[in-house]
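Morning, everyone. Please have a look at the structure on the screen. I will keep this short.

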Amino acid sequence: MTNRSDFINTIRQALGRSAPLTSAPQPPELAPQAIRLVSPDEDLPAHFAQQVAANAMSIQTLPADQVATKIIDLLRQRNCKSAALPVSPLLDSLGLIERLKTAGIDARRWDELSADAVYDLDAGITDVHAAVAETGSLVIQAHRDHGRVLSLVPMIHIAVVQTSDIVPDLFDLMEKIQRDKSASGTVIITGPSKTSDIEGNLVIGVHGPGEVHVFLLAAPTKI
Amino acid sequence: MADLLARNPGDHHPIPSRRAPAPHAQTSSFNFKVLSTQAAADENLKRTVGAATVKQWTSRQVSLRQLPDASALRHLAGRIKQHTLDHLDYYLEQLIDNVERRGGKVHFARNGGEALQIIAAIARENDCKICVKSKSMVSEEIELTPVLEQQGMQVWETDLGEFIVQVNHDKPSHLVQPIIHMSRRQIAPLLCDYFKTDYTDDPQTLTRHARQFLRDKFRQADLGITGGNFLVAQTGQVCIATNEGNGRLTTSMPRVLVSLVGLEKVVPRLGDLSVLLKLLARSSTGQAITVYTSLFGGTRAAGEKDGPEQFHLVLLDNGRSEILAGDYRQTLRCIRCAACLNACPVYRVIGGHSYGSVYPGPIGALITPLFRGLHEYNDLPQASSLCGACAEACPVEIDIPQHLVNLRRDIHQKKISSMGERLIYRLWAASLRSPLLYRWSGRAQKWALRLRARFSGGWLKKLPGPAGGWTQVRDMPQPAAHTFHELWKKRKK
């Protein structure tokens, strides 16, 4: 097998150099105003809500004390009997697990679940690491308290978003991800899973959730 | 269909294998003229491919127009990719260091054979039995699946289109929509037979069957294989963009994860990624961004209950460093969005299989000869009318028509084209260089053609040699009695 130095040397020679660069190259300047499609001055929650709806997700903006009730309504309406949640200060502060259990829904937190067990649950209810106004995206990072499967395996994904989570643009999101580099993985979610592989026909719900519902908290919750 | 129905012991469903590819998939003794002529005569194919490409291309047009300054963003994207290629040794070193810092292992494959050995060894050493793959053109390039199957593994394509390709022992014919060449009526019986369900051609139902079937595979799989849309040097991460969610499952469930990526996929920073992501999906399907954009690399952290326990990044050269060294470096900017395929009037008529490689369309006509040799693929650079639609569509400003012209020049200079062709061009060039020769040869042609047309009412019904293609479907009027030069001289007096 080829080793690292031979591999890199081949490339270096292809570029007409015999030695490594002595200083870091200067990549093209990334001027925010040239890249951003949404500026920080805009009404970010409104823009976000509009884009969420445009990408086949539902969105409701409401005060924190109504979220649990609305989520329970939604789950009942969809005939969901069970749900998986991450270990989340936000979701805990909303008293979500207790409320769901009282309502007869088998709600389980990630610390008492295995990844495989999530396959048998009806819904995943998560917080987000960030949200993007430009694209209406939900950004989720994997860490020990938040498994990758929670927003992926169940047919219904419900996300609770605070206005303070919203960044204007993908460009700002990347800056944020760069700053909080602790997570082992990041996913930017923009709508329910879909395909149009069969003759261009749109089908919703392929391997991931077929429904994504966003609850946007009207005012930031103090944790 | 016969071997499709042959059951594998211990498995309810037959395991599709690619050991018996469809006739068009065989690339040895590639004959573009035969393949493209057959394809162009297939009305069904033309209708299916034509409709799908026009739809995607239209969405792309609408979507790019929504950007305040699409051409400035494309220019920036092109500069980012070009800068990275020009300093690729530096950024690859940075990437490798950062992947290792995340607990991943980086492997180096000079060619497809080495990549196959590396991945087969990872699977063997970890005793992997079931592999789930998300869509990867590079794995098609090196023909990975048969090698893993030969060592007794089950390998499942999990992108719906790629899954259908696998079940059909076919090859993808488009970079983004692998089964763009198939109609719903062709897909339905295939999948219903495979899943042993009642016949339906409802895409929703067929997709639901595939979801259920592949869910079990994801749940059991111990090896995941992905490609990569981008590699971020600054963070040591792979970025993949998908719509179905199979890419997320592939990177979340199996304990061993391998990403096989071409070395040209590097970008320096996350900020660069934001620029390219704004263009990738828009150019490809017209979406602002794909449903899932995943950034991963390295192993799961302490205390995590999902994500891979091992992460391997296999960097593939396979001819790329040679392209980097020559006049065609710019072609390595390609982000495989397929905008040039959708825009191309030739691709729309002949489909992807005619190009004889996993990379079809204008970009394929360009990089396939570079990857696999100009000798065997010398017809591909001619498979273009040089109309420029591909260059106009490219989000990273690759000047595809110019490079195709340069390849044609190379074919001539390396004496790959036939003696007769070279003779004709030499004569033509000589006559263009000398006014006297030009006039004489023009007069001789005029005389000969008018003589020929005299007995068929002033029309040429059949031209000799390669010119015969023109008169196959139409007549040609005879040349005028006097040339432009003659008329000019006369009227000046």
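Predicted model: local features only at pLDDT ≥ 70, side-chain atom pairs only at ≥ 80, totals over all residues.

Start with B:Glu114. Where is it? It sits in helix α6 of chain B, residues 112-125. B:Glu114 is buried, yet it has no salt bridge. The nearest side chain of opposite charge is B:Arg110, 4.4 Å away. What does the side chain of B:Glu114 have close by instead? A polar atom of that side chain lies 2.9 Å from the backbone nitrogen of B:Arg110. Beyond its neighbours within four places in sequence, B:Glu114 touches A:Met1, A:Thr2, B:Phe108 and B:Ala109.

Now the rings. How many aromatic pairs does the structure hold over all chains? There are 17. Take B:Tyr90 and B:Tyr91. Their centres are 5.2 Å apart and their planes are at 90°, so this pair is edge-to-face. B:Tyr90 is partly exposed, at 27% relative accessible area. B:Tyr91 is buried, at 3%.

Next, B:Trp156 and B:Phe213. This pair is edge-to-face too, with 5.3 Å between centres and 80° between planes. It links distant parts of the chain: B:Trp156 is in strand β3, B:Phe213 is in helix α11, and they are 57 residues apart. B:Trp156 is buried at 0% relative accessibility, and B:Phe213 is buried at 8%.

Last, charges over rings. The charged end of B:Lys305 sits over the ring of A:Trp110, 4.8 Å from its centre. For B:Arg474, the ring is that of B:Trp470, and the distance to the centre is 3.9 Å.

Terms used:
Residues numbered from 1 in each chain as written. Chains lettered and ligands numbered in written order. Heavy atoms only, no water. Helix = DSSP H or I, 4+ residues; strand = E, 2+ residues; numbered from the N terminus. Buried < 20%, exposed > 50% of the residue type's maximum accessible area, 1.4 Å probe, protein only. Lys, Arg positive; Asp, Glu negative; His and termini not counted. Salt bridge = Lys/Arg side-chain N within 4 Å of Asp/Glu carboxyl O. Polar contact = N/O pair within 3.5 Å; in protein donor to acceptor, adjacent residues only side chain to side chain. Contact = heavy atoms within 4.5 Å. Phe/Tyr/Trp six-rings, centres within 6.5 Å; stacked < 30°, edge-to-face > 60°. Lys NZ or Arg CZ within 6 Å of the ring centre and 35° of its normal.
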